[in-house]
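Hi,

Here is the structure I promised to pass on. Have a look at it first, and then read on for what turned up.

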Amino acid sequence: MALQDAYYIGFELDHLHYVLPTKSVYQVFYYPQPAQPSHLLKLDELIVFEGEPYYLRMPQKLLLFAPSDGDASEEKRELQEKASWVVVLKNKHLEKKSSQKGLGFRVQAVTPPFEWQPEVESESVHEVNYAGINYQCLSLKEQS
Amino acid sequence: MPKPQRAIMRNPFSKLTFTMPTVKTWPTFSTKNRLIVALVLGILAVIFSLVFMLTDKNSLTRNVVRDEIKTVVAKAEKPEPKKVEIDAKSQQEQKDADIAKILVLTNSLQSTLSGKRPLNSAFFKTLDKASSDLTELLKIYNLDDVKELRSLKNQSDIFNNTALLNQSLKKLSDAGNNLLSLTALIPSSNSFTNNNSFLDLQRIPKDSILRKMGEAMQLFAKNIDSVQKNTLDTEALTIIQQAIAQGVTQLGVLEEKSGTLNPQARDTLESLRQTPWSTKGPQLNKDIQVYLEQLSLLKKIIADSDALKIAAETPDPASSIKVLALPQKTEQTPPEAPGAKASNEGEVDYQKLAGVLLQISNDMTSPKTFSNQVFQNFTKWKLMMDEVLENAPPLVTSDDKLVTQNLPVKNQAGLVQLGRRVQESLNLLANLEKSANNLKGQGSTAAIMTAPSALLDLNKISVESPLRPLAMSFDDVQKANLNWQKNILDTALSAALNQAIDHTLEQITSLENNVQSQPPAVIEVLGKIRQIGWQSKAVDSKTTLGALNEQMSLLKKQLADPESITLAAKNKESKAIVPTFRGYVLLSWAPVLLQVSSLVFLISGLLGLRHSADSSAPHPTLIPNEDGVEKRTPYLSSPKETKPGQLVPALNEKIVGLEKKFIQSYQSSEKIMSYTQELMSKVTQLRTVQLGGGAGGAYVHLDASKPLEEIDAAIISLKQIGIRLFLSILENHSSRQLASETEEMNALVEKTEAAFADVKTLVEQINQKAVPMRHSSDQAGIDLLELDINLVLKEVKRWQNDLTDLNQTIMTLHELVGQYV
């Protein structure tokens with residue numbers, strides 16, 4: 001197993017904590033400017049960081065949440081727009097160049113990657129406790 | 001692969017297919033289980049090949065080999081822990097082994113509880129460690145209903161008393177950890193009893209209602225220093241307890257009569273309410289009580305070491321204390337180290353022991369620059385010693401005279417004793433890491449104080465100034481500290497540092513003795529020194545330096561004669577061991593190692609882990625349907641078949657890509673370093689922030705918003721780079737060491753962030769209080785503010801320590817990444 005498979009990166013969304021496997025994350029950076037939605041492009045947001053454009057969407061469009069957490073209410077939207085860290089996913093459809101950047105989303109805070117081995121057998125939602133905080137493991141939505 | 005081996009392997013493995021049902025039910029196994037089976041098979045194969053070598057040389061018949069194999073296989077298959085009934089013999093064996101461990105633990109506890117132990121968490125951590133060791137050891141016995149101390153006659157009494165000992169240790173350590181907050185009472189007890197402060201005993205008449213409170217605080221202030229230096233000073237602790245009890249009672253009396261107090265006394269009470277005396281006092285009083293009780297109980301339990309030794313050798317067959325379950329052996333012998341086999345089952349691998357000792361001895365001859373790596377090495381060796389001495393008898397005597405004498409090591413028993421002493425020294429040294437860092441930190445403090453345009457800048461202080469000698473001695477401390485860091489093994493350098501610290505302490509004392517006649521500049525400097533607690537830290541530093549020196553020279557001395565160590569490892573003494581199967585393994589494990597790797601490779605190939613297309617090699621008849629296995633484990637083989645011709649360029653391309661990424665990582669870690677250094681200097685600024693507004697502003701204000709904002713930004717940058725570096729390291733399938741180092745670095749950044757948040761909150765709180773700047777009439781408010789600022793300084797200092805740790809990890813990381821560039 002590659003080293004990368006054992007590491008997960010944590011983040012905070014709407015006061016809840018989640019993890020994603022680092023192998024599906026392309027980049028993470030701090031972006032304190034609030035969101036400026038660009039409806040013309042039919043993308044939720046377009047930002048430029050270190051000279052590179054990044055396309056951001058609401059996390060609900062990219063990640064599979066538990067039914068109760070995932071609804072995109074107005075209140076959550078506002079929280080989202082102020083969130084100052086950005087997580088960029090990898091584009092799964094370009095397999096050959098697996099580090100190709102995909103879509104990103106804003107989060108309120110990021111926890112550096114940590115090692116975790118989820119139980120393979122269990123079908124239910126995975127949870128991990130790291131440094132006293134419970135993180136829920138998310139999986140990605142199939143991107144269209 | 002030599003032919004005879006394949007021949008011998010076919011035999012045992014064909015046997016395996018029906019002795020081990022696991023192989024038959026192969027397809028239902030998960031990846032993990034397959035790996036375990038592969039490992040087990042690897043180990044078995046090693047044993048078989050060893051057996052074969054034996055038979056070859058001793059011309060035994062093949063039948064004997066088969067018998068051997070049968071027993072080995074039977075042993076490997078025996079389900080270990082499920083047995084409910086444990087026979088008397090294994091009961092006794094287990095007890096004997098555990099009693100030996102208890103003796104060692106008690107011994108080390110005895111030395112922990114003698115001598116001086118400064119009031120810090122390190123000491124309580126040692127106790128916690130001892131307690132968790134004991135809990136682990138005792139958990140297989142039915143000792144839940146143990147209540148009273150027994151006189152030591154046999155092994156059962158030892159178990160009984162050890163259970164009590166463990167209970168007492170837990171209570172002691174819990175109460176002890178709470179004692180750490182004793183320091184919270186120091187600032188108030190000092191400042192309230194200062195000249196012209198609320199409770200200055202010179203001013204308060206004998207019959208005043210405030211008198212007794214003042215006395216309590218003064219008693220506390222006078223004795224707390226002894227407790228801080230030595231938590232085992234029960235006399236001083238008893239006095240401190242009395243002082244706190246009196247203080248708590250008096251606070252109650254004052255509260256009760258608060259309606260009838262005169263304005264001045266009411267003012268004092270109001271200020272007292274804001275000190276930790278009212279909040280922490282009652283609990284501290286209880287904690288000291290528990291601590292003192294448990295300490296004396298503990299000492300009583302471990303006092304009679306002679307009786308302990310006699311009782312240890314007296315089994316108690318009629319005992320009601322039973323082993324409930326034999327501990328599971330979780331350790332798996334990796335196939336790469338067949339030599340370790342020899343250390344199983346109660347024997348000591350003397351060769352390995354000598355090897356480790358020689359390695360340490362060799363390392364102790366080269367100079368050691370101060371770094372956390374040095375201490376990590378101590379820990380590493382200690383763990384190696386723990387492992388190799390796992391089954392060895394405990395240290396016969398911890399008599400100081402014998403330990404310091406360089407006893408000649410003549411035989412294996414002597415070697416084990418030497419090993420035990422080295423183990424003890426290594427343990428002590430490894431535990432000194434934190435204190436040594438503080439010692440190093442003290443040098444930085446001295447450097448800050450003598451930095452250009454700082455308080456004690458030598459260029460700023462005239463030759464006639466009374467501060468000149470002090471400034472010079474601080475400068476000496478800083479230089480001596482740097483020199484000492486260059487080689488912490490050099491006794492002359494550490495003696496010089498010790499002397500420089502002594503000299504500075506003398507200078508401070510002599511200035512403080514004539515404090516009334518000193519100019520304001522001197523008083524200001526003395527105030528600063530008191531604020532940062534330089535003197536008490538200097539005492540700690542001296543203790544650390546002494547302990548480091550003592551243990552390191554002890555270690556050097558004991559390992560001074562490598563030849564005798566080598567010889568002793570071979571000298572079995574009277575208790576001769578007949579050359580056995582295991583003995584043979586010991587001597588011939590080196591060539592075996594080569595075979596092990598090839599065997600393991602072969603077996604893993606069989607299991608489809610790394611199946612290479614070597615069709616010419618005939619497969620042993622281990623797995624009936626190899627193709628089936630292959631199909632069910634597609635993820636175990638490499639996803640794409642690379643033809644040999646394409647492999648090299650593809651690999652080269654990968655390596656080039658990897659190198660590029662590592663250069664990027666290297667640059668990132670350099671950036672982190674410069675950020676950390678920048679942060680350090682910002683914190684230094686924060687430490688020297690002055691109370692503003694003296695002339696113009698109407699309020700006392702800690703004007704630190706600018707550095708705070710800057711630090712905030714720097715921490716976020718640090719965090720961002722840390723996470724991105726980590727992602728790129730993971731992306732490139734780097735080594736585990738690099739990954740865990742990066743993980744630690746990131747964790748330290750988080751810690752730094754949290755510590756900084758504390759500092760920020762404190763500063764904000766101070767500014768919210770906004771004490772008006774009136775003249776001497778509002779001394780009380782200013783005093784309280786000073787307490788708060790002291791707290792900020794303490795937090796900043798703690799945080800600075802975090803930063804030093806961080807710097808250290810980043811340097812290690814830098815080094816590690818550098819190795820790849």
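**Where the two chains meet**

In this predicted model, 16 residues of chain B are in contact with 15 residues of chain A (contact means that the C-beta atoms of two residues, placed from the backbone, lie within 7 Å). On the side of chain B that touches chain A, α28 (705–731) and α29 (736–769) of chain B each supply at least two residues. Helices here are DSSP runs of H or I with at least four residues, strands are runs of E with at least two, and both are numbered from the N terminus. The most comes from α28(B), with 9 residues. By class, this side of chain B has 6 nonpolar, 5 polar and 5 charged residues (Ala, Val, Leu, Ile, Met, Phe, Trp, Tyr, Cys and Pro count as nonpolar, Asp, Glu, Lys and Arg as charged, and the others, Gly among them, as polar).

A word on conventions: residues are numbered from 1 along each chain as its sequence is written, and chains are lettered from A and ligands numbered from 1 in the order in which they are written. As the model is predicted, local features need pLDDT of at least 70 and side-chain atom pairs count only at pLDDT 80 or more, while totals for chains, interfaces and linings use all residues.

**A helix pair in chain B**

Next, look at α9 (residues 211–229) and α10 (residues 234–256) of chain B, which pack at an angle of about 155° with their axes 8 Å apart. (Axes are lines fitted to C-alpha atoms, for helices over the stretch in contact, and angles run from 0 to 180 degrees between N-to-C directions.) α9(B) is therefore roughly antiparallel to α10(B), a label for angles over 145 degrees. Among the residues making the contact are Phe220(B), Ile224(B) and Val227(B) of α9(B), and Ile240(B) and Leu251(B) of α10(B). In total, the contact has 15 nonpolar, 5 polar and 1 charged residues.

**A buried leucine**

Leu182(B) is in the loop between α7 (155–179) and α8 (186–193) of chain B. Leu182(B) counts as buried because 22 C-beta neighbours lie inside 10 Å (the cut-off is 20 or more other C-beta atoms within 10 Å, again placed from the backbone). Beyond its neighbours within four places in sequence, Leu182(B) contacts Leu119(B), Ile224(B), Val227(B) and Leu284(B). Leu119(B) is 63 residues from Leu182(B) in sequence, with 9.4 Å between their C-alpha atoms.

Enjoy exploring!

Key
A residue is buried if 20 or more other C-beta atoms lie within 10 Å of its own, exposed if 12 or fewer, and partly exposed in between; C-beta atoms are placed from the backbone. Angles under 35 degrees count as roughly parallel, over 145 as roughly antiparallel, 65 to 115 as roughly perpendicular and the rest as oblique.
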